[in-house]
Amino acid sequence: MSKRGQSLRIVIADDEAPARSRIRDLLEDCAATFALEVVGEAANGRALIDLLQRTPADVVLLDIRMPEMDGIEAAQHIQKLPDPPSLIFTTAYDAYALKAFELHAVDYLLKPIRLRRLHDALTRVRSITPLSLDVLQQLTPEARRHLSVQERGRLVLVPVEKILFMRAELKYVTIRTAEREHLLEESLTRLEQEFHEKFVRIHRSCLVARDHIESFERGGEEGGESGWVVKLRGLDERLPVSRRQQHVMKEFGRL
Amino acid sequence: MKSINQNVHRDALPDFRNLGVILRMLLFVLALSAFVAACQSDSWASAIQRFLEVSAPVQPVVLLSVLVLAAASPMLHRLPYRTGIVTVLLIELILVTLVHKAGAQFFNADSRGQLVRFWLFTLVATALVLYYFHLRNRALSPALTEARLQALQARIRPHFLFNSINAVLSLIREEPKRAEIALEDMADLFRVLMADNRNLSTMAREVELTRQYLELEQLRLGERLTVEWHTENMPGEALIPPLVLQPLVENAVYHGIEPSSDPGVININVYKVRDEVHLVLRNPYRKDGNHHAGNKMALGNIRERLALHFDAEASLKTSITDNAYQVHIVIPYRKEAR
């Protein structure tokens with residue numbers, strides 16, 4: 001975060017060009033009494049995270065409903081940046097999010113935004129406490145569309161539909177795509193809750209993507225307790241099914 | 001609120017030509033006869049005997065009533081509710097007297113006392129039947145009011161309203177002329193949205209309204225939204241319930257265009273084949289979009305209104321074909337009577 005006295009570096013994230021230009025106009029009006037500069041604009045969550053990794057900012061005015069990655073998901077990834085900016089959500093109408101904002105005292109602005117409200121929000125911004133991931137996850141009923149992992153000082157976004165399986169290791173969860181592995185600092189139980197529509201647990205320590213399951217096979221010593229393994233599309237490795245989770249095979253027409 | 005209620009809550013005689021109403025009348029009078037018979041007897045066997053005796057004169061009266069009331073139904077519905085009720089009671093009394101006269105030789109002709117008892121039974125039975133229909137009407141009308149209110153609310157997404165106002169605000173400083181046009185479009189759109197939309201509109205008006213709506217969306221979404229109109233063979237004078245096309249296009253924008261950063265195309269095709277008007281709307285389909293509740297509500301609402309105006313002659317079909325979502329509406333071709 002910039003030091004007190006320096007101008008506030010602001011990023012605008014909104015998918016609609018007129019909405020961005022409206023906020024720019026209002027910020028210009030604020031600039032008369034407030035030291036600030038707009039350091040960048042983004043049209044969706046992914047673009048925003050790219051931008052923030054190149055251009056540090058103090059505040060993001062963050063629209064909720066955006067294509068590809070919405071504002072609330074983007075906020076969850078932003079918290080993992082080394083020096084995360086403060087977030088002020090903006091929305092025209094979103095009954096669910098508004099209720100949650102009130103509940104968790106999250107800062108938000110209703111579009112069309114009033115100059116006064118924007119000014120007040122920017123004045124308060126330095127005292128905003130960072131949002132916890134817990135709170136952010138309660139702001140939306142929807143699962144994230146990406147997982148974010150830190151690799152060599154950068155935040156890498158992995159689209160959830162590319163993930164073949166997630167496996168709990170000692171301290172981390174390994175997520176595996178067709179290309180490579182990533183290490184994620186989240187709990188497998190939480191991931192299972194969030195992604196139960198797309199992933200199914202086949203073992204105490206392993207979730208596999210339903211869409212990527214190719215077949216279940218009898219798998220000699222690899223098969224572990226149940227004697228069955230899962231073959232995933234685009235992956236040579238076979239994953240053991242535990243006896244407790246054997247019932248999931250029924251869903252896929254085996255047993 | 002009040003004015004809507006008054007429109008719907010009006011007391012009215014039942015539709016005597018409706019099969020359901022006729023069946024209910026028959027069953028009710030039979031049940032009443034059975035009740036009277038049961039009260040007059042001390043054993044099941046005698047109750048059945050008694051029931052046959054009681055219903056012998058009742059049956060012809062009921063059957064005649066059904067015929068007469070069905071025939072007089074349009075006339076009765078023109079009368080004020082109270083006068084209508086009195087008229088129905090009178091009709092019933094006349095019928096029972098006629099049947100009694102005609103069948104005098106079959107029934108024990110101790111006559112006068114019996115006729116009075118017949119009149120009493122008829123009055124009680126008719127009053128009860130009418131009261132039942134009155135209550136039923138009352139019970140059903142709140143549902144109708146609610147359905148209508150829901151339809152009102154389903155018409156426009158607050159999301160669209162506030163985002164559009166926001167877009168217009170952004171234009172005022174730089175492009176005041178465009179802001180003016182946008183506000184005019186918005187005024188026209190809301191004029192139609194807030195009008196009493198129970199009567200039919202024309203295809204040309206509906207298409208014009210949809211174009212104005214799309215102008216506003218274009219303002220917000222810019223090059224992300226492309227619209228392809230095919231209206232060369234459109235019968236502009238064809239009648240259509242208002243707000244059939246516009247809400248569908250609004251859905252198409254909300255589900256097909258907004259969730260993607262890439263530009264998308266909405267394809268609208270209106271044409272006439274023989275005596276049918278076809279309306280085909282296609283938009284990009286996104287598998288992972290999970291906003292389908294609103295969509296279903298709008299579709300249900302439109303389907304209901306099409307059925308209300310055209311009954312079984314109209315149809316609405318939706319289909320998903322290679323990444324496109326398609327709505328196909330067929331309505332009978334009707335012109336405004338001039």
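Accessible areas here come from the Shrake-Rupley method with a 1.4 Å probe, and for residues only the protein chains shown count as cover. The model is predicted, so local features need pLDDT of at least 70 and side-chain atom pairs count only at pLDDT 80 or more, while totals for chains, interfaces and linings use all residues. Residues are numbered from 1 along each chain as its sequence is written, chains are lettered from A in the order in which they are written, and side-chain values use heavy atoms, with hydrogens and water left out.

**Chain B as a whole**

Select chain B. Its accessible surface comes to about 19000 Å², of which 60% belongs to carbon and sulfur atoms. Buried residues (under 20% relative accessible area; exposed means over 50%, partly exposed in between; 1.4 Å probe, protein chains only) make up 42% of the 338 residues in chain B. Colour next by secondary structure: chain B has 10 helices and 7 strands, where helices (H or I, at least four residues) and strands (E, at least two) are DSSP runs numbered from the N terminus.

**The nonpolar cores**

A nonpolar core is a set of buried Ala, Val, Leu, Ile, Met, Phe, Trp, Tyr and Cys residues joined through side-chain atoms within 4.5 Å. Select M203(B), L214(B), I266(B), I268(B), L306(B), I329(B) and I331(B), the residues with the most contacts inside the largest core, which has 47 residues. Helix 8 (residues 203-221) of chain B gives the most to this core, with 8 residues. Centre on I329(B): leaving aside neighbours within four places in sequence, its contacts (heavy atoms within 4.5 Å) include V244(B), L248(B), V277(B) and L306(B). Another core, of 31 residues, lies apart from the largest one and has A13(A), I49(A), I78(A) and L131(A) among its members.

Move to V86(B), L90(B), I94(B) and L98(B), which make a nonpolar surface patch of about 390 Å². Patches are made of residues with over 30% relative accessible area and no salt bridge; like charges are joined within 9 Å, nonpolar side chains (Val, Leu, Ile, Met, Phe, Trp, Tyr) within 5 Å. L90(B) is in helix 4 (residues 81-102) of chain B and is partly exposed at 48% relative accessibility. L98(B) lies in helix 4 of chain B as well, and it is exposed, with a relative accessible area of 52%.

**The interface of the two chains**

Show both chains. The contact takes 23 residues from chain B and 21 residues from chain A. The buried area, meaning the accessible area (1.4 Å probe) that two parts lose on being put together, summed over both, is about 2000 Å². N166(B), S170(B) and R173(B) supply 28% of the area that chain B buries against chain A, more than any other three residues.

The interface has 4 salt bridges, each a side-chain nitrogen of Lys or Arg within 4 Å of a carboxyl oxygen of Asp or Glu. Select E16(A) and R220(B), whose closest N and O atoms are 2.2 Å apart. Then select R65(A) and E258(B), a salt bridge with a 3.4 Å separation of the closest N and O atoms. R65(A) lies in the loop between strand 3 and helix 3 (71-78) of chain A and E258(B) in the loop between helix 9 (245-257) and strand 4 (264-273) of chain B, so the pair joins two chains. E258(B) is buried at 5% relative accessibility, whereas R65(A) is partly exposed at 21%.
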